[in-house]
Protein chains: 2
Amino acid sequence: MNQTEREDFARAMLRDVVAAVIQAGCEPTILSTHPFGIESARTVVMKEGLNEALNTVLATLKEPVMIIMSDLPLTTPEVVRRVLFAGGDASIVPGRGGGTNVLFIKRPWEFHVDYYGSSFLDHMRIFKELGWEAMVVDSHRLSTDIDEKEDLVEVLLHGTGKSREYLNNLGFSIEIDAMGRVGIRREFR
Amino acid sequence: MNQTEREDFARAMLRDVVAAVIQAGCEPTILSTHPFGIESARTVVMKEGLNEALNTVLATLKEPVMIIMSDLPLTTPEVVRRVLFAGGDASIVPGRGGGTNVLFIKRPWEFHVDYYGSSFLDHMRIFKELGWEAMVVDSHRLSTDIDEKEDLVEVLLHGTGKSREYLNNLGFSIEIDAMGRVGIRREFR
């Protein structure tokens with residue numbers, strides 16, 4: 001994908017996340033370093049890094065909050081509800097490779113995030129220090145953040161929204177090689 | 001890993017799967033091309049390929065059956081129960097990349113498997129042809145089959161059984177590089 005396609009695909013993924021979150025009964029706010037043209041949610045622009053920006057926001061909140069990354073196009077209302085109703089003081093969905101893809105924090109004013117690196121382990125440690133019961137939600141959909149070419153296979157296989165549609169429009173499809181391995185190909189048209 | 005280590009690790013993964021399945025209330029049978037030294041389950045040795053062997057067995061069954069791959073060391077009793085109680089006529093857990101990691105079939109004598117390639121899509125097509133309601137179970141644990149080096153990160157992060165213990169004994173641990181990416185390293189001792 002070229003730069004414009006990447007940006008359009010990022011916007012399609014964000015739209016899918018926002019749509020699922022709204023359908024699950026939440027009111028999303030987009031936190032971004034630049035204004036985003038999505039009509040279904042307001043955007044708060046903050047120039048700081050992810051941790052600083054989120055921790056500034058968390059300190060001001062007075063009710064539970066879910067923090068969900070925008071590169072999770074397989075998000076469905078059902079799995080958002082699994083996160084919301086997992087119980088405990090907080091829930092967390094690890095990303096493949098040790099990141100944190102979703103957090104649901106019932107008392108955000110007591111919490112601080114620590115993204116980057118092995119943030120799943122870092123967040124689990126913070127929960128422990130706070131004496132909180134943290135529920136780890138087991139979801140392929142939410143553990144699949146899209147940052148490599150192979151991840152696109154998952155979108156083509158399991159996506160139901162704008163992101164899959166966008167990939168299809170770009171000419172991407174699933175290809176099975178001679179060894180029976182599943183990959184993707186792009187037909188330029 | 002050398003050949004012996006690979007075999008021992010494969011046996012550790014199988015033990016973890018068998019233990020979780022037993023704890024979920026099932027009676028496992030191991031289907032293999034060669035005898036496997038696991039005391040907690042009987043082994044049926046069949047020399048045919050996976051599809052042929054399984055389809056021969058399925059035709060003889062008279063009650064529901066779950067087919068679970070042996071390279072799923074993150075299997076827990078909880079997620080096995082999610083598969084068993086998903087509802088519908090069958091449940092399926094896709095593997096990352098389009099494979100089929102788990103099937104639960106309520107009337108196995110009416111079904112046939114079609115592994116290799118994009119078997120998730122193939123099995124979904126078979127369900128549709130049968131007019132069955134198939135439940136897709138969304139699980140990171142069960143979608144994570146271990147066949148590449150990067151998959152070991154998931155075992156070190158989320159494993160709770162013999163497989164993780166075995167990796168730790170071999171000197172594997174999680175390493176975070178200068179870019180904050182999570183990888184694994186092995187310390188030979």
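Predicted model: local features only at pLDDT ≥ 70, side-chain atom pairs only at ≥ 80, totals over all residues.
User: In what order do the four strands of the open sheet in chain B stand?

Analyst: The sheet in chain B is open and its pairing is mixed. Strands β3 (65-68) and β6 (134-136) of chain B each have a single partner strand, so one side of each is left without a neighbour in the sheet. Neighbouring strands are turned by 15 degrees against each other on average, direction ignored. Read across the sheet, the order is β3-β5-β4-β6.

User: In which sense do β4 and β5 of chain B pair, parallel or antiparallel?

Analyst: Strand β4 of chain B covers residues 90-94, and strand β5 of chain B covers residues 100-105. Val93(B) stands opposite Val102(B), which belongs to β5(B). The two strands are joined over five bridges, and the sense of their pairing is antiparallel.

User: Which strands stand at the edges of the open sheet in chain A?

Analyst: The four strands of this sheet follow the order β3-β5-β4-β6, with mixed pairing. An edge strand has a single partner strand, so one of its sides is left without a neighbour in the sheet. In chain A this applies to β3 (65-68) and β6 (134-136).

User: Which residue is the bridge partner of Ala90(A) in β6(A)?

Analyst: Strand β4 of chain A, residues 90-94, pairs with β6(A) in the parallel sense over three bridges. Within β6(A), the bridge partner of Ala90(A) is Ala134(A).

User: What is the area buried between chain A and chain B?

Analyst: The size of an interface is often given as the accessible area lost when the parts come together. Here 25 residues of chain A are in contact with 25 residues of chain B. Carbon and sulfur atoms give 56% of the buried area, which is about 2,100 Å².

User: Which element gives the most residues to the side of chain A that touches chain B?

Analyst: Between the chains, 14 residue pairs are in polar contact. The elements of chain A that give two or more residues to this side include α3 (77-84), α4 (119-130) and α6 (151-158). With five residues, the element that gives the most is α6(A).

User: In which helix do Arg11(A) and Asp8(A) both lie?

Analyst: The side chains of Arg11(A) and Asp8(A) meet in a salt bridge, at 3.5 Å from N to O. These two residues are three residues apart, about one turn of the helix. The helix, residues 3-23 of chain A, is α1.

Terms used
Residues numbered from 1 in each chain as written. Chains lettered and ligands numbered in written order. Heavy atoms only, no water. Pairing = 2+ DSSP bridges. Axes fitted to C-alpha atoms, helices over the stretch in contact; angles between N-to-C directions. Contact = heavy atoms within 4.5 Å. Buried area = accessible area lost by both parts, 1.4 Å probe. Polar contact = N/O pair within 3.5 Å; in protein donor to acceptor, adjacent residues only side chain to side chain. Salt bridge = Lys/Arg side-chain N within 4 Å of Asp/Glu carboxyl O.
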